[in-house]
Amino acid sequence: MDAPGYTSNQDIIRTLSQRLREYRLAARLSQRELAERSGVGLATISHFEQGTMLNLTLSNLISLLRVVGMEQRVEELLPRLPMHPDTLRQINKLTPKRVRRGK
């Protein structure tokens with residue numbers, strides 16, 4: 001899974017479920033232990049890891065990430081913009097939309 005080419009939401013969900021399983025195993029946790037520590041149901045975790053549950057709630061995903069110590073990495077998912085959106089809009093207003101060439 002070095003450079004995944006995501007083509008659908010299912011591909012992304014499948015990758016997340018595989019990665020969660022890898023981190024759970026690296027933390028030496030069973031699914032039952034992960035369920036107890038996270039408050040997420042055992043069946044939910046099992047189905048998510050098997051790829052049969054495609055609608056894990058964001059709240060449950062964050063709870064699972066906390067237990068395996070990966071909640072800090074959420075910042076990498078949607079990093080802060082390099083500048084405020086209003087500043088970006090002002091710059092775009094000053095940027096010409098067309099280039100007019102003299103005849």
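Q: What do the buried residues of α3 pack against?
A: The buried residues of α3 pack against α1, α2 and α4. Helices here are DSSP runs (H or I, at least four residues; strands are E, at least two), numbered from the N terminus.

Q: Which residues of α3 are buried?
A: In α3 they are T44, I45, S46, F48 and E49. Buried means under 20% relative accessible area, exposed means over 50%, and partly exposed is in between (1.4 Å probe, protein chains only).

Q: Before I go on, where do these values come from?
A: This is a predicted model: local features need pLDDT of at least 70, side-chain atom pairs count only at pLDDT 80 or more, and totals for chains, interfaces and linings use all residues. Residues are numbered from 1 along each chain as its sequence is written, and side-chain values use heavy atoms, with hydrogens and water left out.

Q: Back to E49, then. What does E49 touch?
A: Leaving aside residues up to four places away in sequence, E49 touches S17, R21, R24 and Q31. Contact means heavy atoms within 4.5 Å. The relative accessible area of E49 is 10%.

Q: How far apart are the C-alpha atoms of E49 and S17?
A: They are separated by 4.9 Å, although E49 and S17 are 32 residues apart along the chain.

Q: And R24, is that buried or exposed?
A: R24 is buried, with a relative accessible area of 6%. This residue sits in helix α1. Its contacts, not counting residues up to four places away in sequence, are L29, S30, Q31, L34, E49 and V68.

Q: L34 brings me to α2. Which residues are buried there?
A: Helix α2 covers residues 31-38, and L34, A35 and S38 are buried in it. Seen down the axis of α2, the buried residues fall within an arc of 100 degrees, so they line one face of the helix. That arc is taken from the directions from the helix axis to the C-beta atoms.

Q: Why would residues three or four places apart point the same way?
A: An α-helix has 3.6 residues a turn, so residues with that spacing point the same way.

Q: What's on the face of α2 turned away from its buried side?
A: That face carries the exposed residues R32, E36 and R37.

Q: And what covers the buried residues of α2?
A: The cover includes α1 (9-26), α3 (42-50) and α4 (58-67).

Q: At what angle do α2 and α4 pack?
A: The angle is about 110 degrees, with the axes 9 Å apart. Axes are lines fitted to C-alpha atoms, for helices over the stretch in contact, and angles run from 0 to 180 degrees between N-to-C directions. The two helices, α2 and α4, are therefore roughly perpendicular to each other, a term that covers 65 to 115 degrees (under 35 is roughly parallel, over 145 roughly antiparallel, the rest oblique).

Q: Which residues make the contact?
A: From α2 there are L34, R37 and S38, and from α4 there are S63, L64 and V67.
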